[in-house]
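Let's take a walk through a protein model together. Have a look at the picture first, and then read on.

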Amino acid sequence: VLAELIEKFVSHLSESQLDCYFSTGNYKAMDADVKNESLSSVQQLGVEMTVRYGKYLKLLKEHAENELCFVLMNCEKFLKQQQRTVVSSLCCLQDRYAGYDWFVSSVFLIMSGDGEKTLTFLQQFSRLLVSAFLWLPRLHISMHLPITTVESGIHPVYFCNAHHIEMLLKAELPLVFSAFHMSGFTPSQICLQWITQCFWNYMDWSEICHYIAICIFLGPDYQIYVCISVFRHLQQDILKHTEA
């Protein structure tokens with residue numbers, strides 16, 4: 001039901017010029033195009049974890065690994081069309097996105113391992129503003145960003161949403177904010193980790209689905225509210241750890 005709902009919602013929005021924030025070229029996923037491509041060791045490890053988790057949730061069948069690899073390689077090729085060439089000594093700006101694409105894996109599981117549906121959805125989704133915040137590799141060395149932003153190597157999620165999370169945390173949960181301040185560790189670092197991993201290893205699968213759906217339906221600012229809610233939920237534990 002969730003897969004059908006987000007598919008229809010995104011398909012409807014992506015057809016409206018007013019809702020399309022990014023322009024994307026036409027891309028057709030072909031086996032031949034990615035036959036000679038290979039995934040990095042980090043990505044291969046991520047694929048293994050995703051397939052294991054998907055089978056545990058009874059969402060994936062046999063041969064899901066090949067299908068997921070096909071999706072990841074096509075996403076990389078699709079996003080590459082919208083990337084610029086950057087000369088930089090920063091490791092994170094060397095060609096491909098350095099980490100694993102947890103958002104694509106999440107969508108793949110929501111679509112029950114259907115690669116075609118996943119790719120169609122992601123191509124439509126990539127036109128919407130919310131894709132910049134939920135799908136982090138979406139804006140990796142992207143032509144949609146000013147060159148100064150690209151060269152900094154700092155993702156907009158960090159200087160937009162993570163910045164707003166800190167401001168809201170200070171107003172809404174001053175004790176939690178103070179606890180972080182005393183520890184010398186910033187809440188934005190934790191939030192960036194959660195967001196990059198799509199809350200995998202932090203939330204249950206149903207909650208991960210809710211997080212993705214809420215941000216798609218209600219807007220990227222709900223990413224901020226979800227993080228604040230998690231901090232509110234963890235407030236007593238955080239304060240206890242601070243005292244200890």
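An axis here is a line fitted to C-alpha atoms, for helices over the stretch in contact, and angles run from 0 to 180 degrees between N-to-C directions. Helices (H or I, at least four residues) and strands (E, at least two) are DSSP runs, numbered from the N terminus. This is a predicted model, in which local features need pLDDT of at least 70 and side-chain atom pairs count only at pLDDT 80 or more, while totals for chains, interfaces and linings use all residues. Residues are numbered from 1 along each chain as its sequence is written, and side-chain values use heavy atoms, with hydrogens and water left out.

Start with helix H5 (residues 102-110) and helix H12 (residues 205-218), whose axes come within 11 Å and cross at roughly 110°. H5 is therefore roughly perpendicular to H12 (the word covers 65 to 115 degrees; under 35 counts as roughly parallel, over 145 as roughly antiparallel and the rest as oblique). On the H5 side, the contact (heavy atoms within 4.5 Å) is made by Phe-103, Ser-106, Leu-109 and Ile-110, and H12 brings Trp-205, Ile-208, Cys-209 and Ile-212.

Now move to the loop between helix H3 (41-56) and helix H4 (64-80), where you will find Lys-58. Most residues other than glycine have a negative phi. Lys-58, although not a glycine, has a positive phi of about 60°. Lys-58 is also exposed, with a relative accessible area of 74% (exposed means over 50%, buried under 20% and partly exposed in between, with a 1.4 Å probe and protein chains only).

His-63 lies in the loop between H3 and H4. Its phi is positive too, at about 65°, and His-63 is not a glycine. With 65% relative accessibility, His-63 counts as exposed.
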